[in-house]
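Visitor: I would like to go through this model with you. Could you show me the sequence and the structure?

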Amino acid sequence: MSLTRLIAIARKEVLHIVRDARSLGIVIVMPVTLMLLFGYGVNLDLKGMPVYVYDQEGSQQSQDLLKHFQSSQYFHVARVVDSYSAVSRALDDGSARMAIVIPWNFSLQLGAGRPVTVQALVDATDDNTANVLIGYAQAVVQGYSSQIQLDWLRQRGIAAETSPVSVQTRTWYNENLESSVFIIPGVLALVMSVIGAFLTSLTIAREWERGTMEQLISTPVTAMEIMLGKLAPYFVIGMFDVAVCAFIAIAWFKVPFRGSFAALTFSSALFLVVVLALGFYISVIAKNQFTASQIALLVNFLPAFLLSGFLFAIEQMPVALQWITRILPARYYVSVLKKIFLKGTPTAMLSADLVPLAVFAALLAIVATRSFHKRLE
Amino acid sequence: MTEPLQIEMGLAIAAEGLRKSFPGVRAPDIRAVDGLSFNVRAGEIFGLVGPDGAGKTTTLRMLAGIMPPEAGSAVVAGRDVLRDPERAKHWLGYMPQRFGLYEDLTVDENIRFYADLFGVRGKERAPRSTQLLAAAGMSEFRARRAGNLSGGMKQKLGLVCALIHRPTVILLDEPTTGVDPVSRRDFWRILYELAAEGVAILTSTAYLDEAERCHRVALMNRGRLLFCDTPANLKSQFGKDVLSVTSPEPQRLRSHLERAGGVSSFVLTGDGVHLVVDQAARRIPEFEARLEIDHVPFDNIQQVEPTIEDLFIDAVAGEEELNARD
Amino acid sequence: MHATETSVVMENLVKRFGSFVAVDRLNLSVRKGEVFGFLGPNGAGKSTTIRMLCGLLRPTSGRASVAGYDVARDPEAVRQNIGYMSQKFSLYNDLKVIENLRLFAGLYSVTGKLAGERIAWALEMADLNGREQRITGTLPGGWKQRLALGCAVLHRPPIIFLDEPTSGVDPISRRRFWDLIHQMAEQGVTVFVTTHYMEEAEYCNRLALIFRGRIVALGTPSELKRNSMKGELLLVECEPLGRALEALQSAPGVMDVAVFGNALHLSVEDAASSAPRIDAFLRQCGLTPGKIEKIRPTLEDAFVSLTTTGPAAEARTQ
């Protein structure tokens with residue numbers, strides 16, 4: 001192994017990257033863009049859902065109930081209408097996600113000590129949101145209902161307290177229940193996948209496509225020197241991007257960081273080896289850049305996006321898919337990232353994720369090394 | 001490093017029985033190289049000449065150690081290229097048919113890259129690259145990106161990168177295709193100087209007339225060797241004579257001479273005809289008489305030296321027709 | 001020479017790309033039925049000129065007319081009257097022979113019974129009868145050439161443009177191809193060829209040598225070889241060649257000396273008188289010269305001579 005030759009290959013690769021606007025864009029602009037995109041753009045929280053109200057009675061008591069809805073941060077009472085047709089129009093065109101209809105005999109029934117039903121009409125096109133809204137609405141009404149019950153009991157001279165059994169919740173790890181905190185650490189896995197998918201997978205394919213490979217293999221440089229020399233710059237770029245993303249996450253998005261930087265560095269390096277080896281292998285078997293990038297997209301990037309648990313929880317997936325995620329390196333990296341950022345899990349306990357990652361890294365490194373031959377055919 | 005094996009015989013390249021086939025796509029397998037044997041001596045410019053598909057590129061790739069042959073042996077710069085290609089590559093310079101350098105790197109960066117790959121240390125690289133670039137007339141283009149060079153300059157840069165490590169053998173695949181005539185001369189001047197220094201040069205070309213520039217040529221067709229000798233010997237051994245007739249009405253010449261006795265090959269050029277006959281001395285007066293009788297205008301009938309193309313066509317003519325009817 | 005119909009005329013044709021002048025005031029007229037060659041290295045302006053003549057590029061200034069139509073004003077009319085064949089880009093390799101023919105017939109609006117006749121003619125000319133169903137990509141080079149030619153002339157254009165038509169094709173196929181071209185020329189088709197390959201130029205009736213956007217020479221191949229050379233060429237055989245080369249570089253009356261194969265080529269004023277002088281000179285230097293004879297210059301010699309002495313040479317060192 002000649003260090004001179006290896007460095008020559010690495011230096012050339014750096015020149016290619018720097019002189020190609022697209023790859024430079026991927027190195028510098030992409031990580032920041034992805035962080036901002038997912039940090040701000042993707043918001044799984046539900047706040048201020050537009051609600052229309054059709055108050056058939058318009059009494060003091062119905063207004064009272066409405067105030068409970070208004071004071072909840074989950075709802076935003078957008079309009080008060082006076083017909084069912086207005087309600088259905090609003091739900092149709094999406095101006096309202098939910099409509100509350102208070103019946104004409106609301107206070108009448110309550111005053112007579114009889115139960116009454118409030119109608120909630122929900123747009124369930126997005127059933128996740130709908131479920132949450134129904135839950136919130138029921139909670140609000142339940143709260144109001146308990147209040148009424150207490151009043152009734154007091155009127156009969158029974159002194160009672162609020163509900164006998166209550167739940168006190170404390171949220172660990174993501175105190176404000178902000179989805180961005182949950183998502184952002186996983187964006188690192190996405191960034192690494194793009195580096196592997198798009199950048200690295202082009203490297204060997206480009207030499208074949210442009211015809212420079214033929215001259216390259218006529219020199220004494222070895223296959224190992226070519227591989228290591230070409231991957232070294234991408235490794236440095238990858239680690240650099242990890243640092244950049246971690247900085248943005250912590251300093252800008254205020255994502256808590258409770259683990260150790262050493263653990264972050266080590267696990268990122270492992271995942272980077274996986275992604276680079278895979279990218280290199282794809283670059284060898286695809287003889288041109290277009291095919292290489294397509295394969296990389298399918299095999300590296302999309303699984304990282306959809307199945308790694310970065311955005312969609314693995315536990316919610318069908319069992320078959322859950323089993324598939326076990327052979328996805330990205331899944332383990334995302335899991336480690338969340339543990340390091342949010343839970344501060346001690347490094348020793350990360351082995352459940354790090355060991356599979358290391359195995360993948362070793363396996364793919366071997367496959368990549370053996371795939372490339374200095375031969376024309 | 002082990003001592004070069006063939007040095008006492010002065011053979012820089014010794015190829016024996018090389019064979020290579022490629023799987024056919026919806027067609028039978030193609031025998032690209034079919035039992036090729038030839039030698040190249042140190043200080044010799046040896047031309048591998050033949051049309052596209054003759055097997056020149058495949059042969060060069062096998063000798064460069066980047067494509068293993070099916071059968072045969074090749075010893076280049078004293079090393080067995082088939083068993084130990086990597087060892088041989090230290091002494092070889094290879095220039096592929098398609099420009100093999102990096103368009104987004106400058107001339108200097110390309111040279112440095114290849115110098116590093118061949119282990120040429122900085123102290124030696126600087127003067128050597130200066131000298132080579134000056135010989136190629138490219139000294140003022142060092143900082144220019146290779147992609148912005150003209151075709152002729154790209155080829156010269158390719159040659160410089162193949163020479164930076166002082167190889168004893170260089171393999172060039174159609175190095176002057178598409179190059180303007182002036183750059184072509186520069187290129188050949190460099191080759192002649194290298195040959196004078198003892199470097200063995202194997203170059204391929206599809207231009208049969210370029211064969212005249214080589215010390216020895218091997219004419220190839222369909223993977224096989226037709227002849228192998230100096231151009232002068234090949235011509236003197238031709239056995240037929242070549243005539244050239246100029247005329248303002250070449251088409252009329254054709255109808256009168258094409259099927260005349262003794263004519264084995266006939267081609268219409270822009271301002272006359274070029275024919276291969278059995279005996280010039282006999283046929284010239286015959287043709288002159290014929291043309292005068294029929295009042296066909298012509299300037300004169302001259303005997304000219306046969307071109308390599310004449311030799312090639314004569315050797316191949318019948319074979320091509322047969323092979324095409326598949 | 002009596003005036004016959006002119007087919008292609010260029011008057012002070014200029015094309016500029018920004019500040020770069022690709023075509024610099026070309027003046028030329030090509031006769032009907034002539035095989036005319038446009039010869040020059042890559043980048044000399046040949047392709048740009050062809051594109052203007054085909055109505056694909058607007059001239060910056062000057063005029064050109066093809067088949068009587070002005071290229072700037074009636075490009076569509078021009079395109080309907082020309083056939084264009086480019087060796088590399090004409091055919092679709094994954095289509096069958098017959099499919100390519102039908103495609104081009106359609107593109108040139110040759111339909112119905114006429115299409116059938118023309119396609120039959122093209123197959124006959126290209127010697128592809130019985131091979132209509134073959135995939136074009138599997139044909140050997142020479143066949144593809146003739147097929148491409150056939151496709152380019154299905155609509156019987158009066159003028160055809162050939163761009164590097166036989167580069168890479170074996171010599172026999174090349175001769176067959178040029179036979180076809182000459183037959184077409186005999187029938188009155190004007191053939192305009194561009195090439196950087198000097199030997200292909202021998203097949204043309206007349207040639208224009210292009211260098212840096214200008215015509216540096218015009219005439220028949222023989223005229224060019226005769227008139228464009230400064231002086232005459234001598235072939236000198238002498239061992240050892242290296243020493244002879246060195247010695248002759250300073251010999252009197254020798255304008256230029258270069259190695260060529262196993263001999264030297266010398267540029268001298270007059271071959272007849274120089275030959276004995278060179279012989280004596282070499283013997284004086286202690287060398288034994290062999291053959292010394294006058295040789296005919298090639299078109300390449302002519303081209304180099306024209307572009308390395310005189311104003312063109314100044315432009316070359318760029």
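Visitor: How far apart do the C-alpha centres of domain 1 of chain C and domain 2 of chain C lie?

Guide: Those two centres are 42 Å apart. Please note that this is a predicted model, in which local features need pLDDT of at least 70, side-chain atom pairs count only at pLDDT 80 or more, and totals for chains, interfaces and linings use all residues. Residues are numbered from 1 along each chain as its sequence is written, while chains are lettered from A and ligands numbered from 1 in the order in which they are written.

Visitor: What are the bounds of the domains in chain C?

Guide: Domain 1 covers 6–226 and domain 2 covers 230–296 in chain C; such bounds come from an automatic or database domain assignment.

Visitor: And how is chain A divided?

Guide: Chain A has domain 1 (3–42 + 178–371) and domain 2 (49–155). Their centres, taken over C-alpha atoms, are separated by 49 Å.

Visitor: Turning to chain B, what is the strand order in the open sheet?

Guide: The order of its six strands is E6-E7-E8-E3-E9-E10, with mixed pairing. Strands are DSSP runs of E, at least two residues, and helices runs of H or I, at least four, numbered from the N terminus; two strands pair if DSSP finds at least two bridges between them.

Visitor: Which are the edge strands?

Guide: Strand E6 (92–95) and strand E10 (224–229) of chain B, each pairing on one side only.

Visitor: How many bridges join E7 to E8 in chain B?

Guide: Five bridges join strand E7 (residues 169–173) to strand E8 (residues 200–205), and the two run parallel. B:Ile170 has B:Ile201 in E8(B) as its bridge partner.
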